[in-house]
Every structure is written in structure tokens, then in C-alpha cells.
Amino acid sequence: IFDPRRASADHKAICEEHERVSELLDSMLPKEVLAEMKSRHLSLAYTYEDMTFLFADIVGFTRYCATHSAEQAVHLVTRLFAEFDTEAVRLGIYKVCTIG
């Protein structure tokens, strides 16, 4: 049964979360990166004098999730993030965040 009050509350929560994420990104990323992100034309990496931004995507992940259990998908993502973190430490890279 559709409950318009619940839908309104869900929509409000989603909008608030979107605003929070936007504020976080605005405070972390250079304006040119934000503009490209909003236009969906991100470069693979951005290099600045004292920092580099890397954006990565798991190609085929949606297809993988369709044919594997949720537990297998979480295990894959956890393993990939752990490997990325290990390499970041090995290379002396400070990782700001992983979203996924």
C-alpha cells in the first residue's frame, strides 16, 4: 500500500543526504573537478601541485551483483578496498575517502 506520508519522509531524507554529500564534496574538491563531476565528464585523475585526485569505478559490478549473492558482492568490494588501502600505504599515499 502506497503511503504518501512515508514517501514524503523518504524523499526529504534523500534530499537531506544529497545536500550533505554536496557540501562535503564542495569542501574537498577543486571547483573544476566539481563542475566536471556534475556534467558527468570526469577525467581519470587530476594532478595538482600537492595532491592528486583519483576516481575509480568497478566496471561490470552491477552485472556481477545480478549473478552473485549479496555476501559475495560485499566480499568482493571489501577485498578490492583492502587491496587499494594496502597499496596506498605502500606508496605513502593519504587516502581521503572510499565511497561504495
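Five residues, L29, V33, L34, Y46 and F53, make up the largest nonpolar core. The model is a predicted one. In soluble globular proteins, nonpolar side chains tend to be buried together.

**Core and F53**
- Leaving out residues up to four places away in sequence, F53 touches M28, L29, P30, L44, A45, Y46 and Y48.
- Among these, L29 and Y46 are listed with F53 in the largest nonpolar core.

**Strands**
- β1, which spans residues 45-48, pairs with β2 in the antiparallel sense over four bridges.
- The two strands, β1 and β2, form a hairpin, and two residues lie between them.
- Across the pair, T47 stands opposite T52 in β2.

**F55**
- F55 sits in the loop that runs between β2 (51-54) and α3 (61-67).
- F55 counts as partly exposed because its relative accessibility is 23%, and buried would require under 20%.
- Apart from neighbours within four places in sequence, F55 is in contact with L29, V33, M37, L42, S43, L44 and Y46.
- F55 and A45 are ten residues apart in sequence, and their C-alpha atoms are 6.5 Å apart in space.

- L44 is found in the loop between α2 (31-38) and β1.
- L44 has a relative accessible area of 65%, so it is exposed; the cut-off for exposed is over 50%.
- Together with L54 and F84, L44 forms a nonpolar patch on the surface, with about 330 Å² of accessible area in total.
- L44 is also one of the residues in contact with F55, and F53 touches L44 as well.

Note on methods:
Residues numbered from 1 in each chain as written. Predicted model: local features only at pLDDT ≥ 70, side-chain atom pairs only at ≥ 80, totals over all residues. Heavy atoms only, no water. Buried < 20%, exposed > 50% of the residue type's maximum accessible area, 1.4 Å probe, protein only. Contact = heavy atoms within 4.5 Å. Pairing = 2+ DSSP bridges. Core = buried A, V, L, I, M, F, W, Y, C linked by side-chain atoms within 4.5 Å. Patch = residues over 30% accessible without salt bridge, like charges linked within 9 Å, V, L, I, M, F, W, Y side chains within 5 Å. Areas by Shrake-Rupley, 256 points an atom, 1.4 Å probe, with all protein chains shown as cover. Salt bridge = Lys/Arg side-chain N within 4 Å of Asp/Glu carboxyl O.
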